[in-house]
Amino acid sequence: MKARVHVMLKDGVLDPQGEAVRHALGGLGFAGVEKVRQGKVIELDLADGTTEDTVREMCEKLLANTVIESYQIEMS
């Protein structure tokens with residue numbers, strides 16, 4: 001079983017990496033990019049029977065800083 005966790009900065013939190021990417025894209029001639037938000041994807045290989053609630057607990061305790069980040073879990 002796999003879980004994929006998408007972690008992104010919450011709206012309103014400064015994203016200097018995203019801004020650097022937006023600026024670099026502009027420098028390469030991609031003028032239509034108005035905003036970039038950069039996040040991370042964490043892929044977990046899980047033992048059978050691991051629940052989404054367990055993955056949520058992992059996110060709350062370690063994988064995401066819930067003060068400034070939001071996360072979304074995909075189980076497969």
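**Salt bridges and helices in a predicted model**

Glutamate 57 and lysine 61 form a salt bridge, with their closest N and O atoms 3.1 Å apart. A salt bridge here is a side-chain nitrogen of Lys or Arg within 4 Å of a carboxyl oxygen of Asp or Glu. Six salt bridges are found in a search of the whole structure. The model is predicted, so local features need pLDDT of at least 70 and side-chain atom pairs count only at pLDDT 80 or more, while totals for chains, interfaces and linings use all residues. Residues are numbered from 1 along each chain as its sequence is written, and side-chain values use heavy atoms, leaving out hydrogens and water.

**Pairs within helix H2**

- Helices (H or I, at least four residues) and strands (E, at least two) are DSSP runs, numbered from the N terminus.
- Glutamate 57 and lysine 61 are both in helix H2, four residues apart, which is about one turn of the helix.
- Glutamate 57 is partly exposed, at a relative accessible area of 43%, whereas lysine 61 is exposed, at 66%.
- For these labels, buried means under 20% relative accessible area, exposed means over 50%, and partly exposed lies in between (1.4 Å probe, protein chains only).
- A salt bridge also joins the side chains of glutamate 52 and arginine 56, at 3.2 Å from N to O.
- Glutamate 52 and arginine 56 are separated by about one helical turn, because they stand four residues apart in helix H2 (residues 52–63).
- Glutamate 52 is partly exposed at 33% relative accessibility, and arginine 56 is partly exposed at 34%.

- Arginine 4 and glutamate 43 form a salt bridge whose closest N and O atoms are 2.5 Å apart.
- This pair links distant parts of the chain: arginine 4 belongs to strand S1 (residues 2–9) and glutamate 43 to strand S2 (residues 40–45), 39 residues apart.
- Arginine 4 has a relative accessible area of 35% and is partly exposed; glutamate 43 is partly exposed too, at 43%.
- Side chains of opposite charge can pair when their charged atoms come close.

**Helix H1 and the residue after it**

- Helix H1 covers residues 16–27, which makes 12 residues.
- From its first C-alpha to its last, H1 reaches 16 Å, close to the 16 Å expected at 1.5 Å a residue.
- The expected span of a helix is 1.5 Å times one less than its number of residues.
- Glycine 29 follows H1 and has a positive phi, near 100 degrees.
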